[in-house]
Amino acid sequence: MVSGRPEETQICELSDDSDKSSKESDSETEVEQVSGYHKLLATLKTSPESESEEEEDESESEEAEESEAEMGSEGSQETGEAEEGKEDKNDVPEEEEATDTAEQMLSQEQADGTDTSCDPRHGVIEEFTDVKHESEFSLETNFMEEESGDCNADRRDSSSSQALPEDPFKQHMDKELEEKEIEKMSTLPKTASQSQWPRLGQVIFSSTLEKHKTLKADKDVDVKHLHLHKPLESTWPKVNKQFLSAVDKPTDSSFTPLQRELFCIMNSYRDLFYPERTALTNGEEVRHAYCLHALNHVLKANAQVLSNNAKRRDRKPGTDTDDHRDQGLTRPKVLMIVPFRECALRIVHIFISLLEVNDKKKIDVSNKKRFKGEFGSDPEEKPPNLKRPEDYEAVFAGNIDDHFRIGVAILQKSMRLYAPFYSSDIIIASPLGIRTVIGAEGEKKRDFDFLSSIEILIIDQADIYLMQNWEHVLHLMKHINLLPLDSHGVDFSRVRMLNLNNWSKYYRQTLLFSALQDPQINSVFNKHCFNYVGQVAIRNVPLTGSISHVVVQLPHVFRRLEADSVTSVIDGRFQFFIDKVLPEYRDAIMSHTLIYVPSYFDYVRLRNYFKKEDLNFTHICEYSKKAAVCRARRFFLKGEKQFLLFTERFHFYKRYTIKGIRNLIFYELPTYSHFYSEICNMLKATDSGVDATWTCTVLYSKYDAQKLAAVVGIDRTAQMLQSKKNVHLFVTGENE
């Protein structure tokens, strides 16, 4: 496995409920060094928050590194922060320290790309990879009967699967595309069709090769007809029963309605974009479904290789055949991108559960204890009096370190954690973790050959990466399914022709899950997914919008700005704000004005303008130190500062209630629609002031259609985009 930054996490003792494997390698569980970076991370959910404003300020003083740690942990907005450091030299010392700290983190990440893991000057130890189980998990030296223990049974299973051409795995991987088909996919536009599914709603199918085809949902799914590899056929109903309820039909006892329709698409090997995956509601349902699909794919692929190994071993000397092309140029088949270590922990636990047929037949899991220590968390870390919204608690559960990567090798009765990447079947990583391995152009130590033959790419919780650093996702998409620079010991006689022709990207299935629809996420799905069987996107429109959850009586004024193109919106919005909106709030009577800014770069621009104009303002961003945050909140509450610049990423990671708001300005519509109602409802936290004086102004353009629909609903959005006049809405309670 390539070397990157060692994952320096604190070892936590967890319960052994799920750790009953018959074999573990526990010798690698020594405590690693804990850096200041991870100490900062550990403070994310460890500080209490009091009820009163005075107690709240004191508790925030105790939250020594929380504000910086949450933002810094994402390794994101590095260039933006460097920009703030340059443009804000006369700022308060606390913010300078925040910038310096983040710049140190950036230099640390850059150093990671150049492999400082072996450098004693950095005081770190080599990233751990499991080398002693290499031969045991090698696909080249193992055979079907050695893996299964029942040669005849596995041969029967192999022959039966070969006798069923309708097996989606065989259909997809064995199809040989022609040059003219590749040319069509590269040049011709896709044709789209839509249909209505019972649970998913509006399903859009697009493809270049398959025209005028409408996808239909399977009403009933029989596990036996899904071509699941053993033992998944028997273990899946047991593992998934926690999501099944009395409303599910007795005839369909293994899938929820949502899972049934999602897996129907996954199992067809089409690309999938599902933008309604939320951590609070259906997140675990979705995770179980894509884990089943990924594991099913790996087990089938490995069984094919092991079966062909036995055939090649038993063939007569002197006979040569080209029928055993069953591999890619490198071994990794599945890449799973998840935001936090807790997500990787849950995925591995699902894999283990799916591979264990019963309590008596435990699978061998190498390095499980070490894995628990590095990816688990101590449930006692979170104090009982910490108050955050339910969706926040669901997203930030467990170990929320976002710099990790781990290789997983799987054979039917055993699993190897911490496998070197080139000996792994599945790689689980965060965007930052995979980015530091890929490196940047010009770096001496970088590697992305292991991404050359990825057959399934799963990007889960894509919306969180918008709050981290979306550039890491784009960097990954540019380096996946490229021809490797080195052979890495591959047997070219076993490599599929699709890989040798550099057509891997046309066979790769991409599964993209998000809590929302966003232009940047849509762009990845539309521009970086080339699957020859087509793409499926779920495109439901919100009927009401989050404005219906505003509980305070508040007039909402939506002010439309005109822009000729997407690129001109940024400058157009800034000019519109300083020319048309800001002059109305300069008067002292319009005090206690909070300006909500989703983009960090817009925040820097506004902050610099406010300084230049010598306006009475304060500001809070994701890089503000705790003392600066406390001071800004206090000044704003008491009216000593007229304006408060407030970034969306700070709200995402902190969810503080800002008291003293009388006037709201949304410089841009929020990325998360429910943030709109959350910010508006902060006005009720202010005891003083008259309700009638409260105002809310929102800036939008025609390019904000998706965000606007999520806030006001699809019907109002259509009206507002057709009209060029300002729109006034008045919300009187929980319902409009």
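Reader: What should I keep in mind about the model before reading the values?

Author: The model is predicted, so that local features need pLDDT of at least 70 and side-chain atom pairs count only at pLDDT 80 or more, while totals for chains, interfaces and linings use all residues. Residues are numbered from 1 along each chain as its sequence is written, and side-chain values use heavy atoms, with hydrogens and water left out.

Reader: How are two packed helices described, and at what angle do α22 and α23 pack?

Author: Two packed helices are described by the angle between their axes and the distance between the axes. Axes are lines fitted to C-alpha atoms, for helices over the stretch in contact, with angles from 0 to 180 degrees between N-to-C directions; helices are DSSP runs (H or I, at least four residues), as are strands (E, at least two), numbered from the N terminus. Here α22 (residues 566-585) and α23 (residues 600-612) pack at about 40°, their axes being 12 Å apart.

Reader: Which residues make the contact?

Author: Contact means heavy atoms within 4.5 Å. From α22 come I570, D571, F574, F577, I578 and L582, and from α23 come D602, R605, L606, Y609 and F610.

Reader: Is N282 buried or exposed, and which backbone atoms does its side chain reach?

Author: A residue is buried under 20% relative accessible area, exposed over 50% and partly exposed in between (1.4 Å probe, protein chains only). N282, in the loop between β3 (271-274) and α12 (283-314), has a relative accessible area of 6% and is therefore buried. A polar contact is a pair of N or O atoms within 3.5 Å; within protein, one must be able to donate a hydrogen and the other to accept it, and residues adjacent in sequence count only if both atoms are side-chain atoms. A polar atom of the N282 side chain lies 3.0 Å from the backbone oxygen of E276, and the side chain of N282 also reaches the backbone nitrogen of T278 at 2.9 Å. Leaving aside residues up to four places away in sequence, N282 touches R199, L258, Y274, E276 and R277.

Reader: Why does F617 count as buried, and what does F617 touch?

Author: F617, in strand β14 (residues 617-620), counts as buried because its relative accessibility is 10%. Beyond four places in sequence, F617 touches R607, F610, K611, K641, F643 and L645. F617 and F643 are 26 residues apart in sequence, yet their C-alpha atoms are 4.4 Å apart in space.
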